[in-house]
Amino acid sequence: MPGDVSALQLVLTGDPALLAIVRLSLIVSLSAVVLAALIGIPFGAALALIQFPGRQAVIVVLNALMGLPPVVVGLAVFLALSRAGPLGSWGLLFTPKAMVIAQTVLVAPIIAALTRQTIEDLWLEYRDELNAMNVGPVGRVATLIWDARFSLVTALLAGFGRAAAEVGAIIIVGGNIDGFTRTMTTAIALETSKGDLPLAVGLGMVLIVIVIAVNALAWTARRAGERMAG
Amino acid sequence: MFTRRLLMAIAVSAVFAGSAFAQDKSILVASTTSTQDSGLFGHLLPMFKDKTGIDVKVVAQGTGQAIDTGRRGDADVLFVHAKAAEEKFLSEGFGVKRYPVMYNDFVLVGPKSDPAGIKGSKDIVAAFKTLKDKGIDFISRGDKSGTHQAELNLWKVAGIDIATDKGPWYKEIGQGMGAALNTAAASNAYVLTDRATWLSFKNKGELVIEVEGDKRLFNQYGVMLVNPAKHPNVKQEFGQQFIDWLVSSEGQKAIADFKINGEQLFYPNASDPGA
Amino acid sequence: MRAPISDLPIRFENVTVAAGAVTLLDGISLTLNPGRPTILIGPNGSGKSTLLRTAMGLVRPSQGLVTWGGREDVPPTRRAIVLQRPAMLRRSASGNIRYALRASDVARTEQQSRIDELLALVGLGQLADRPARRLSGGEQQRLALARALARDPAILFLDEPTASLDPAATKAIEDIVHAVSQRGIKIVMATHDLGEARRLAGDIVMLHRGRVVETGPAASFFSTPQTGEAKTFLAGELLV
């Protein structure tokens, strides 16, 4: 198919418009993953360690939120950020920041739920040792997060995969504005609607290559780290 | 430590992202898929930017959604094609003034084999009646867009109450023009489309134009500034500059000059007060 | 920093520990005094591990009272334990010890020399940078011992530290325990190996079905056991 070749060629030859799209996709999704990690990892760790009434219900809800439909998240963030909505004065709708917010909402439950599982498993293993060493609550959380860091990379990758692949949320809150909020996935949706299926497929292949590359990078880092720290 | 370096890089990229988000002299225009997908904006906006330095960001939506975007105050300017809905928007006080800009036309496309036997007709209403009588597959946008509203209007003119008379042949997909064309191409159905999207559409398959040239297929575009009295965030000055340029002789000529394969897509008519 | 008052003696007053419907310790009264190693013996399931974990403070009694040096609820700053299956932190061998040193507020400047000293003591000097979870079973036991000693305890609890080790590894552990005891650290150790009990014991506590059946100096326990359970157990017969 000539289309695939042309999309790949555009990337390889450094077509500025396409590179800007790729760059924005990465910036938005990586920023969302970083923010979601800052929220989701402490939340997941706290949920793993703190016993309180209703904890099981929170876990069930959190696990269910991993499957939040992007379009619903997009709509909710849209309504919040719209000028007529509660956060309208921020003026963020149809900006990359709105896309980051939407993807953060989408990804944070994934990272929190996977963190909760990972930390809880590790806590079962470490509990007696840490208690025997008289480690306080803050030290416990820090130790468990640090020692689970390689598993948590997997949680971050799951979040990144979700963010990079979704179109439903960012097309609503970003508006797919040429040169401003157009990402790989919204561009694919657009080219499909224009009937340029070969170009859409080509863009899709570029997206897949990027996602694989990010995963390979993280996997390599994880392996290297594990060799050093077990 | 590898991971730490990786996380650091991600964090740094997140910080730098802030600068990529910085914006200056720009307006947001809510418009329709036809103006965007045909490439009209790609043709007009660089000229306007050269002249004024204003960046125009276009959110391409169906006309219904675009008008709702304006109603919420999320856009500065509306550039759409559904006169009745636009006038309602004005009368509710959400817009300042409507300026006619240009028109293009709708065409009825369908499979080359033409199972309805309407090819070459200049009477769109008769063609619609035939489709309904023979129960020929028809794809409707079903998304309250300008094209969808034009289609509904044609059914009404044909004396058909489509809400009650529709059968399994009438498929509402609730999506944009491109998706409707893709669906029609994949299922050999008929579909009403604006000519601009049709000409630039690349996945035509077996589809050809069946009916065109009926005056009732003309499609008028208007442009409006969202009322700053309702939404103080509206960039009144830049938005009005864009509108003024579109209806100026320079803007009108730029619209007339836009062609695909030598074919003119939009016909400027800002000087026609009835449009 | 040393607490001014000792955790010893550790006194159990009518202590019962239950997990659900299962009674693990059943009304135990017992005093662990300073001095030579106290060895807990008894068949599997007799309550040795639970007694050690209760004395360490990891398990709270369901009934009864445990006191350390006459006080209740004393945090384990002067006690350390090597669990039956020690968990290795996902760090290097030296990282595991550094963690314990930090948890005991040992000054950063002193940490490296203490790490070197402790790894040398347990014979792991060559493996300092190896991930702890990649060490063999015997090496992990020795690292767990070094990690426990890093806390500079006055009392060291050991839960079958030589179970499933080969004779050479067992001897390595026993030598270290012996040396540690010589330094004045109170050893309380569970074993089901009577030979090991004979080699290390100062005092013996024999448990059966969550109760103490016999206590006393090792010499008299082995020469003239007083109870039927002790006689049966020493004779190498199954105690049910």
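## Exercises on pockets, cavities and a helix pair

The second largest pocket has 34 lining residues, and those nearest its centre are Ile171(A), Ala60(B), Gln61(B), Gln65(B) and Gly176(B). This is a predicted model, in which local features need pLDDT of at least 70 and side-chain atom pairs count only at pLDDT 80 or more, while totals for chains, interfaces and linings use all residues. Residues are numbered from 1 along each chain as its sequence is written, chains are lettered from A and ligands numbered from 1 in the order in which they are written, and side-chain values use heavy atoms, with hydrogens and water left out.

**Exercise 1.** Describe the second largest pocket by its volume, its elements and its residue classes.

*Solution.*
- Start with the space: the volume is about 920 Å³. On a 1 Å grid over the protein atoms alone, a pocket is an open set of points with protein on both sides within 12 Å along at least five of seven lines, a cavity is a set where a 1.4 Å probe fits but cannot get out, and lining residues have an atom within 4 Å of a point. Points are joined across faces, edges and corners, and the volume is the space filled by probe spheres set on them.
- Next, find the elements: helix 4 (70-81), helix 8 (168-174) and helix 9 of chain A give two or more residues each, as do helix 2 (33-37), strand 2 (55-61), helix 4 (63-71) and helix 9 (177-187) of chain B. Helices (H or I, at least four residues) and strands (E, at least two) are DSSP runs numbered from the N terminus.
- Finally, sort the lining: 13 residues are nonpolar, 17 polar and four charged. Here Ala, Val, Leu, Ile, Met, Phe, Trp, Tyr, Cys and Pro count as nonpolar, Asp, Glu, Lys and Arg as charged, and the others, Gly among them, as polar.

**Exercise 2.** Which helix gives the most to the lining of the largest cavity?

*Solution.*
- The whole structure holds four cavities of 30 Å³ or more, and the largest has a volume of about 100 Å³.
- Of its 16 lining residues, Ser25(A), Leu26(A), Ser29(A), Ala164(A) and Leu207(A) are closest to the centre.
- In chain A, helix 2 (16-49), helix 7 (149-165), helix 9 (184-193) and helix 10 (197-229) each supply at least two lining residues. Helix 2 of chain A gives the most, with five.
- By class, this lining has 10 nonpolar, five polar and one charged residues.

**Exercise 3.** Which residues line the second largest cavity?

*Solution.*
- This cavity has a volume of about 60 Å³.
- Its lining consists of Glu129(A), Ala132(A) and Met133(A), with Ala80(C), Ile81(C), Ala144(C), Arg147(C), Ala148(C) and Arg151(C).
- Helix 4 of chain C gives the most, with three residues.
- The classes are six nonpolar, no polar and three charged.

**Exercise 4.** How do helix 3 and helix 5 of chain A cross?

*Solution.*
- The axes of helix 3 (residues 55-65) and helix 5 of chain A come within 8 Å and cross at roughly 130°. Axes are lines fitted to C-alpha atoms, for helices over the stretch in contact, and angles run from 0 to 180 degrees between N-to-C directions.
- Helix 3 and helix 5 of chain A are therefore oblique to each other: angles under 35 degrees count as roughly parallel, over 145 as roughly antiparallel, 65 to 115 as roughly perpendicular and the rest as oblique.

**Exercise 5.** Where is the cis peptide bond with omega of about -5°?

*Solution.*
- The bond joins Leu8(C) and Pro9(C).
- Pro9(C) lies in the segment before strand 1 (10-19) of chain C.
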